2 protein chains.
Amino acid sequence: MRLEDEIQQKEFKDDYNKAVVNILFTQSYIVTKQNSLFKPFGLSPEQYNVLRILRGQNGNPITVSSIQDRMLNKMSNASRLVEKLKQKGLVLREECPVDRRQVDIMITEKGLQLLNQLQTEILNQNIRLIKLDNEEVSQLNFLLDKLRG
Amino acid sequence: MRLEDEIQQKEFKDDYNKAVVNILFTQSYIVTKQNSLFKPFGLSPEQYNVLRILRGQNGNPITVSSIQDRMLNKMSNASRLVEKLKQKGLVLREECPVDRRQVDIMITEKGLQLLNQLQTEILNQNIRLIKLDNEEVSQLNFLLDKLRG
DNA sequence: TTGTATTAAATGTATATACATGCAAATGCT
DNA sequence: AGCATTTGCATGTATATACATTTAATACAA
């Protein structure tokens, strides 16, 4: 559906300005759907993302600032998200022996199990959410990667 | 820059799942830049968006729920955003005479002036942010509109 | 080695998002 | 008219974002 119709705006100054609004609106469309999927599991999309980053470490610990670097939202607060996950028993946090300023984070068995439970649902939902064919979705990824320079 | 390199992820399950993450990441890229532009003016991106919706009314009042419908983030809280704008003297809020449940919102002269001040900067920044040529940005808009179905 | 700068993480504050709930006004039904 | 339902908005609570500040540990230069 045309963005102009969805937000009841007559027209945009130019395609660049429409694109900015289009990306913000589409992100909200996706996050809203993700939220309802995560809800029953007591996770937020960002918490899920942090768990995925930890799983990607294959058992190696990773510091809080490295998590921050890999998060989708660079301004987010990895420290507090990790604290939430720890309270749920999904991650372990311990002082780094080499540099006591740093804190090593690892995903727990419980965290891995939760991810496995969610994984199939997420993958399927993501495919359903994006109503494009293979050619188009590959083109979209190309454009988004290029867009950021 | 390739998403995989920016968030240091080896690969995605498929292009659909990459596209979801790509949209979330690109939205964060845009909002971060927008925030720094709005900061000196004491506005958040969402507050700016509400002001734009009000200006689009050309002097006619609009209810809180109509604002909500047109907002980029459907789950946002128009009521509280309007309250913030009112505190800054950028909007007027008054009981709707026809239906006392409703509240009519209008942008003030001060609000219009602020928008005019910001407009050129925003338009220029948006063009700079999107590092695509005319053909590509039009293709991107087509794909995003189609994506949501 | 001592003082300064830098770095890593935590914390504080304001705003925004997500969603449930409350309340008053309006609507609809009998 | 009387009462239940719906609608429009406000408010409460938890989480997340944006950004400044703090605290402790480390690096480095004089």
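**Exercise 1.** Which side chains meet in a salt bridge of 2.9 Å, N to O?

*Solution.* The model is predicted: local features require pLDDT of at least 70 and side-chain atom pairs pLDDT 80 or more, while totals for chains, interfaces and linings use all residues. Residues are numbered from 1 along each chain as its sequence is written, chains are lettered from A and ligands numbered from 1 in the order in which they are written, and side-chain values use heavy atoms, without hydrogens and water.

Step 1. A salt bridge is a side-chain nitrogen of Lys or Arg within 4 Å of a carboxyl oxygen of Asp or Glu.

Step 2. The side chains of A:Asp145 and B:Lys18 form such a pair.

Step 3. Between chain A and chain B the count is 6 salt bridges.

**Exercise 2.** Determine how many residues of chain A and chain B are in contact, and the area they bury.

*Solution.* Step 1. With contact taken as heavy atoms within 4.5 Å, 64 residues of chain A touch 64 residues of chain B.

Step 2. About 6200 Å² is buried between the two chains, 59% of it on carbon and sulfur atoms; buried area is the accessible area (1.4 Å probe) that two parts lose on being put together, summed over both.

Step 3. On the side of chain A, A:Tyr16, A:Leu72 and A:Arg148 lose the most area to chain B, together 14% of what that side buries.

**Exercise 3.** State how many residues surround DNA strand D, and which are the closest.

*Solution.* Step 1. A residue is near a strand if one of its heavy atoms lies within 4 Å of it.

Step 2. There are 26 such residues, the closest being A:Ser44, A:Ser76, B:Ser65, B:Ser79 and B:Arg80.

Step 3. Of the atoms of DNA strand D within 4 Å of the protein, 73% belong to sugar or phosphate, and the rest to bases.
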